[in-house]
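Here is a briefing on two sites in one protein model. It takes a pocket, then the surroundings of a ligand.

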Amino acid sequence: MKNKILVTGGAGYIGSHTCIALHEAGYEIVVYDNLSNSSREAINRVSTIIGQPLAFIEGDIRDAESLRQVFADHAFFGVIHFAGLKAVGESVAKPLLYYNNNVSGTITLLEVMMEHNVKNLIFSSSATVYGDPNTLPIDETAPRSCTNPYGQSKLAVEHILEDLSVTDKSWNLISLRYFNPVGAHPSGQIGEDPNDMPNNLMPYISQVAVGKLEKLSIFGNDYPTVDGTGVRDFIHVTDLAAGHVAALDYLKQLALCNNDAIGFLPINLGTGKGSSVLELVNAFADVTDQTVPYQFTDRRVGDIASCYASADKAKTLFGWQAKLSIIDMCKDTWRWQSMNPNGYRAP
Ligand code: NAD
Ligand code: UFG
């Protein structure tokens, strides 16, 4: 059976870690990325880690001709689709860019997949599609709503996938809803490398600890949570990567048994456990022996108090569950940050 996977956005943070996990699980990989938020150095480092050159094509998912050529050159079992823009604030400033890149780009990819009869897709969705949840932990049946163009673009793609699965029963469309990915590969060679000022908590903490930023602002200490700060389901990026392999193995098994296609299948990838912002900051300081100066400031507009997953469905269907702790997440983030204070850029 075909074993080759197209990984769009495979040079990015989650994609690069997933490429390693896919390689270790015996999959052949072709990465397709326009490097709009990543660098060739990530590809080089993954190649070093896996001990062979990672097949890489520089291209844009909105470029149908370029994609057609890739599908003509390779016989894929399926596609893991990470390519997308992800900065919430930027999406508010540039909604058309986000809808064009994330929604139109995905439609183009689906069209080319259909032309080549490749109908296994794993899509990078997000817990952001749950908006402000009514109940915790959040399971996959929870109502969906979004308040910013980034979230809307993820929700729009989910709706497109659902519609497609109704019309054409031969698609397998898994939508993985990630909670809060953090951490880095234990080698310290690859990790999250924000282009600009970090938007997310963990890269901000680690850049304060390494001395690149002066002080963390904790957005709000008056939430109805354990210590007043926001609560999130932080998940180690290597656990997340393993979740993709488990999803792909599940699709392979279906194909081997000639089972009917599954249509649209949403799955949470989280640990099932919430930790507060302050708990994460304190754990990071403890584990790394670094000081992380912080101040409390106003709540960030659009933030919610608490968000954590029910991870039961992934366990039942894929046999997957997150294994790594907050301590592992902090240790591995620090190893990456301290070994690469400038990320993939030369010092
Ligand atoms: P990332 O920015 O590190 O990786 C995305 C990759 O896609 C980058 O390498 C970028 O160059 C590439 N890309 C973007 N637009 C493209 C296009 N039009 N054509 C080809 N390549 C393109 O982000 P990440 O954190 O690795 O996230 C991967 C996916 O997971 C994204 O779709 C993101 O929205 C989703 N997601 C991320 C998080 C998170 O907190 N990191 C949470 C939930 C969902
Ligand atoms: N926070 C701070 N200070 C910071 C950054 C964040 O206090 O400098 C707080 C936030 O207020 C929030 C928590 O840390 O309470 C986590 O914030 P992040 O920005 O790291 O993550 P979010 O939960 O806001 O959102 C992230 C991604 C979204 C994704 C969502 C669910 O940015 O794209 O997780 O997967 F949709």
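The lining of the second largest pocket divides by class into eight nonpolar, six polar and three charged residues. The pocket's volume is about 320 Å³. The model is predicted.

**Second largest pocket**
- The lining counts 17 residues, and those closest to the pocket centre are Asn 117, Lys 119, Asn 120, Ser 170 and Asn 172.
- Helix α8, residues 237-256, gives the largest share of this lining: three residues.

**Shell around ligand 2**
- The shell holds 20 residues.
- Ser 126, Phe 179, Asn 200, Arg 232 and Asp 303 come nearest to ligand 2.
- By class, the shell has ten nonpolar, seven polar and three charged residues.

**Polar contacts of ligand 2**
- Which side chain places a polar atom 2.7 Å from an oxygen atom of ligand 2? That side chain belongs to Asn 200.
- Leu 201 contributes through its backbone: a polar atom there is 2.8 Å from an oxygen atom of ligand 2.
- Tyr 178 also uses its backbone, with an N or O atom 2.9 Å from an oxygen atom of the ligand.

**Burial and secondary structure at ligand 2**
- Ligand 2 exposes 690 Å² when taken alone, and the protein buries 88% of that area.
- β8 supplies the largest share of the shell, with four residues.

Definitions and conventions
Residues numbered from 1 in each chain as written. Chains lettered and ligands numbered in written order. Predicted model: local features only at pLDDT ≥ 70, side-chain atom pairs only at ≥ 80, totals over all residues. Heavy atoms only, no water. Near = heavy atom within 4 Å. Polar contact = N/O pair within 3.5 Å; in protein donor to acceptor, adjacent residues only side chain to side chain. Areas by Shrake-Rupley, 256 points an atom, 1.4 Å probe, with all protein chains shown as cover. Helix = DSSP H or I, 4+ residues; strand = E, 2+ residues; numbered from the N terminus. Nonpolar A, V, L, I, M, F, W, Y, C, P; charged D, E, K, R; others polar. 1 Å grid on protein atoms, 1.4 Å probe; cavity = no way out; pocket = protein on both sides within 12 Å on 5 of 7 lines; lining within 4 Å. Points joined across faces, edges and corners; volume = space filled by probe spheres on them.
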